[in-house]
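Colleague: Hi, could you walk me through this one? I'd like to start with the metal site and then look at a sheet.

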Amino acid sequence: MMRGGIDLGGTKIQVVVIDDDHQVHGQVRHPTPVEGGPQAVAEEMVAAVREAAEQAGVEPGSLKGIGVGSPGEIDEATGTVAEVGNVAGGWQQAFALGPALSHALGTDVRVDNDVRVGAQAEVQLGAGRDFQSMLAVWWGTGVGGSVVLDRTTWLGRDAAGEIGHTVIQHLGGRRCPCGRRGCLEAYSGRSAMENEARRRHRDGEKTKLFKLMRKHDKDRLTSGIWKRALDRDDALARSLLDEAVDALGAGIASAINLLDLEAVILGGGLGTKFGEPFARRIEQAMVPHLFVEDRRPQVRVAELGDLGGAIGASLLVDGH
Ligand SMILES: [Zn+2]
């Protein structure tokens, strides 16, 4: 019996069709439409699922179900999604994404938070499989998180895990995309780092970041652009990434002091792009802030790579 998983991102829609042993039989990636609103995004998702199902040799309607990992504000009960930033030229109003996909594809669709499902894939099938308790840190455009206690995701009242809005600078902190000041994400999120890079560049600091961005035909500083700038020893990129690592160290260590978790799983666009060397740097940056220094948590990089989000979404289908 096959099931589907969709990872809806700001730049790409990744789909997998997968069997009960979690073997991937179809995988398709489409760019996320930049205009046309949520309707256009839903149509693109439907087309991508049809292709992936064809690769796997099944009809979309015969899938046991489809899970979707989505950014924005999600109502899991109705499959409605609102307030998705940076997608399709505007997606603020609630859109019934789950029902739209279900109607077009003829099978059940469940929608949940993208970070939560990506983390769940790592917990069940990836870097977190050996641990009872862990914090997943999704370091990308923002800094998302998920707390797992006794192998169960702690949802709180549905908003748990927001490690990115841990306050690491409580006086005079940098402005966070959430509107508050001094959050971890204000120092470590890719979007906040880009704002800071633009500001410092305007103020006269030299950097190759924006030249690299144009050369590679991007309209924002992607994880790959940050990596390239760092590989060329760009001073501004290095300085901003040093600050990002320090902030992650402080924020994650505070969470560990509170919850005494066994492990930290580092994922997300920047987390996977920078991988093992940065996991070790973040681990070191945690040390001065850890209350129990001689029993540190393990810091592991997410293992499932680019398909992790879609595989995690497929786990939303009943029975997984
Ligand atoms: Zn914030």
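**Metal site and sheet**

Modeller: Happy to! The zinc ion is coordinated by His165 (ND1), Cys176 (SG), Cys178 (SG) and Cys183 (SG), at 2.0 to 2.4 Å. Donors here are N, O and S atoms within 2.8 Å of the metal (3.2 Å for Na, K and Ca), and water is not among the atoms, so sites may look incomplete. This is a predicted model, where local features need pLDDT of at least 70 and side-chain atom pairs count only at pLDDT 80 or more, while totals for chains, interfaces and linings use all residues. Residues are numbered from 1 along each chain as its sequence is written, and side-chain values use heavy atoms, with hydrogens and water left out.

Colleague: Is cysteine 183 buried or exposed?

Modeller: Cysteine 183 is buried, with a relative accessible area of 2%. Cysteine 178 is partly exposed, at 29%. Buried means under 20% relative accessible area, exposed over 50%, and partly exposed in between (1.4 Å probe, protein chains only).

Colleague: Switching to the sheet: what is the strand order?

Modeller: Five strands form an open sheet in the order E10-E9-E8-E11-E12, with mixed pairing. Its edge strands are E10 (152-153) and E12, each pairing on one side only. Strands (E, at least two residues) and helices (H or I, at least four) are DSSP runs numbered from the N terminus, and two strands pair if DSSP finds at least two bridges between them.

Colleague: Which strands does E11 pair with?

Modeller: E8 (residues 134-139) pairs with E11 in the parallel sense over five bridges, and E12 (residues 298-301) pairs with E11, also parallel, over four. Toward E12, alanine 263 faces glutamine 298 and valine 264 faces valine 299.

Colleague: How many residues of E11 are buried?

Modeller: Five of its five, across residues 263-267. Ala263, Ile265 and Gly267 point one way, while Val264 and Leu266 point the other way.

Colleague: Last one: where is leucine 259?

Modeller: Leucine 259 sits in helix H8 (residues 235-259). At 36% relative accessibility, leucine 259 counts as partly exposed.
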